[in-house]
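Here is a short briefing on one protein model.

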Amino acid sequence: HGYGILKFKEGLEYKGQFEENSISGYGIAIWEGKRYEGFWKNNKKHGEGKESHKDGRVYCGSFCDDKKDGYGEYTWPNGSKYKGLFVNGRQHGEGIYISQIGRAHV
């Protein structure tokens with residue numbers, strides 16, 4: 001249990017909480033043009049978090065077992081946005097898509 005910094009040869013860097021020799025709790029990870037800040041469980045993104053990509057894509061919302069799962073907001077580099085539910089990493093059910101032109105239900 002505690003807080004620490006972990007660096008891998010592959011370029012992954014993690015700063016945050018650990019529990020029983022695994023990344024668990026709140027932390028920040030940076031790797032391969034991505035940055036994730038949020039909650040972890042057993043080395044996987046789990047709970048509320050924000051994942052940002054080098055190209056400008058951003059997801060803010062719930063994660064379960066390393067995948068987008070629950071309510072979230074996904075923003076593309078052009079400013080378009082989807083607000084709604086995700087299941088197993090994909091948009092699922094009703095949501096709202098907002099483009100630069102206007103708003104539409106999905």
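The points below go from the whole chain to single residues.

The model is predicted. The protein has zero helices and 10 strands. Buried residues account for 27% of its 106 residues.

**Overall fold**
- From the N terminus on, the order of elements is β-β-β-β-β-β-β-β-β-β.
- Taken along the principal axes, the C-alpha atoms fill a box of roughly 45 × 25 × 15 Å.
- Consider the contacts between residues at least 6 apart in sequence: 2% of them join residues at least 24 apart.

**Surface and charge**
- The accessible surface comes to about 7000 Å².
- Carbon and sulfur atoms hold 50% of that surface.
- The protein carries 17 positive and 14 negative charges.
- The mean positions of the positive and the negative charges lie 5 Å apart.

**Residue I23**
- I23 sits in strand β3, which spans residues 22-31.
- Is I23 buried or exposed? Its relative accessibility is 9%, and buried means under 20%, so I23 counts as buried.
- Which residues does I23 touch, leaving aside those up to four places away in sequence? The partners are L6, Y14, Q17, F18, W40, K41, N42 and N43.
- Y3 is 20 residues from I23 along the chain. The C-alpha atoms of this pair are separated by 9.6 Å.

**Cysteines**
- How many disulfides does the model contain? The count is zero.
- C60 is in no disulfide. The cysteine sulfur nearest to that of C60 belongs to C64, 18 Å away.
- C60 has a relative accessible area of 35%. This value lies between the 20% and 50% cut-offs, so C60 is partly exposed.
- C64 has 31% relative accessibility. C64 therefore also counts as partly exposed.

**In brief**
- The secondary structure consists of 10 strands and zero helices.
- I23, in strand β3, is buried.
- C60 is partly exposed, and C64 is partly exposed; the disulfide count is zero.

How values were computed: Residues numbered from 1 in each chain as written. Predicted model: local features only at pLDDT ≥ 70, side-chain atom pairs only at ≥ 80, totals over all residues. Heavy atoms only, no water. Helix = DSSP H or I, 4+ residues; strand = E, 2+ residues; numbered from the N terminus. Buried < 20%, exposed > 50% of the residue type's maximum accessible area, 1.4 Å probe, protein only. Contact = heavy atoms within 4.5 Å. Disulfide = S-S within 2.5 Å. Areas by Shrake-Rupley, 256 points an atom, 1.4 Å probe, with all protein chains shown as cover. Lys, Arg positive; Asp, Glu negative; His and termini not counted. Charge placed at Lys NZ, Arg CZ, Asp CG, Glu CD.
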